[in-house]
Amino acid sequence: MKKFLLLSLLSLAISCKVQKDKPISEAIVTDYGETITASELKDHLYTFASDEFQGRDTGEPGQKKAANYLKEEYQKMNISSPLGENDYFQEIPSSFFDNQYNASENVVAYIEGSEFPNEIIVISAHYDHVGVDEQGNIYNGADDDGSGTVAILEIAEAFKKAEKDGFQPRRSILFLHVTGEEKGLLGSDYYTKNPIFPLENTVTNLNTDMIGRIDPQHENDPNYIYLIGSDKLSTELHELSENVNDKYTQFNLDYTYNDENDPNRFYYRSDHYNFAKHNIPVIFYFNGTHADYHKPTDTPDKIEYDLMARRAKLIFYTAWEVANRDDRLIVDKAN
């Protein structure tokens, strides 16, 4: 009996070692990337950007409903919260908003790293929008930023499927859905002032804000995504990002809005900036503005779901590479 038990334990140990030591080939990574699908993104977004959510205005009932939707989706995927048990909400009191808005919450979920659990990759998107106007028009915010929000759900699902198959990321990943972006980047400001994990342990922030549409500049060339900030703090992050794109997605990476002299100043206008201020390398993924930007006509029927899925895959592959490389990204351009 003892001999049988010893052999069983030895077999289990060898099995676990083989699983851990499996080479993570490009084909394996692509298998998980391919779980990010246009149909699932569409299913999520038609719910998340529906009238039921009342434009997801910060502190209002529609935003609360959206927060619960995200929590329930993470629970369905069996992705835990870093806050413990069933608490997926980082509560933000009204006082932080100078009592201009009701209390709100960031939504957080987490996959722990196998080798460097204290090193954190933050994948973020804001899930709030601007609500309902005085005439009763609902601003559904399908692209801004329903697209980034549901993309994170799909990216999280891909990482979770890999983890179940024995490919746990070497570094930890925090999926961060922030509130109050439309009020002035308030949710990400709160997180960086009250981080769940120390900012000095945060390796990078990959921020996704509007990835579902095609802007007028690219109507004849939709195979693009704007990248902003990738080279501002870490040469390694920028080079890794370009290599990942060359390997997996082959987008035309457009750096127009990365120019310091660009009058739009998008680098300062989404949630990644609150991380960059702390010398955390960032990439902001963006499709540019369009005629429906901040209008009630930003609806889910206008989203390019196949293109959106490919953009979400780029973010997944980039996060995968950062999470599984041997060394932490070097910050060589700190302010």
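I take contact to mean heavy atoms within 4.5 Å, and I am working from a predicted model.

**Core.** I started with the largest nonpolar core, which holds 67 residues, and looked up which of them touch the most other members: Tyr-74, Ile-123, Phe-159, Phe-175 and Phe-316. Helix H9 (residues 305-324) gives this core its largest share, 13 residues. I then followed Ile-123 and, leaving aside neighbours within four places in sequence, found it in contact with Ile-152, Ile-155, Phe-159, Ile-173, Leu-174, Phe-175, Leu-176, Leu-206 and Ala-319. There is also a second, separate core of 24 residues, and I noted Tyr-224, Phe-275, Val-282 and Phe-286 among its members.

**Strand S5.** Next I turned to strand S5 (residues 202-208), where seven of the seven residues are buried, so the strand is largely enclosed by the rest of the structure. Which strands pair with S5? I found that strand S3 (residues 116-126) pairs with S5 in the parallel sense over five bridges, and that Asn-207 of S5 stands opposite Ser-124. Strand S8 (residues 282-286) also runs parallel to S5, joined by four bridges, and there Val-282 is the bridge partner of Asn-205. Val-282 is the residue I had already listed in the second core.

**Cavity.** Last, I searched the whole structure for cavities of 30 Å³ or more and found one; the volume of the largest cavity is about 70 Å³. Its lining is made up of Lys-232, Tyr-257, Asn-258, Asp-259, Glu-260, Asp-262, Arg-265, Tyr-267 and Tyr-268, which I sorted into five charged, three nonpolar and one polar.

Notes:
Residues numbered from 1 in each chain as written. Predicted model: local features only at pLDDT ≥ 70, side-chain atom pairs only at ≥ 80, totals over all residues. Heavy atoms only, no water. Buried < 20%, exposed > 50% of the residue type's maximum accessible area, 1.4 Å probe, protein only. Helix = DSSP H or I, 4+ residues; strand = E, 2+ residues; numbered from the N terminus. Pairing = 2+ DSSP bridges. 1 Å grid on protein atoms, 1.4 Å probe; cavity = no way out; pocket = protein on both sides within 12 Å on 5 of 7 lines; lining within 4 Å. Points joined across faces, edges and corners; volume = space filled by probe spheres on them. Nonpolar A, V, L, I, M, F, W, Y, C, P; charged D, E, K, R; others polar. Core = buried A, V, L, I, M, F, W, Y, C linked by side-chain atoms within 4.5 Å.
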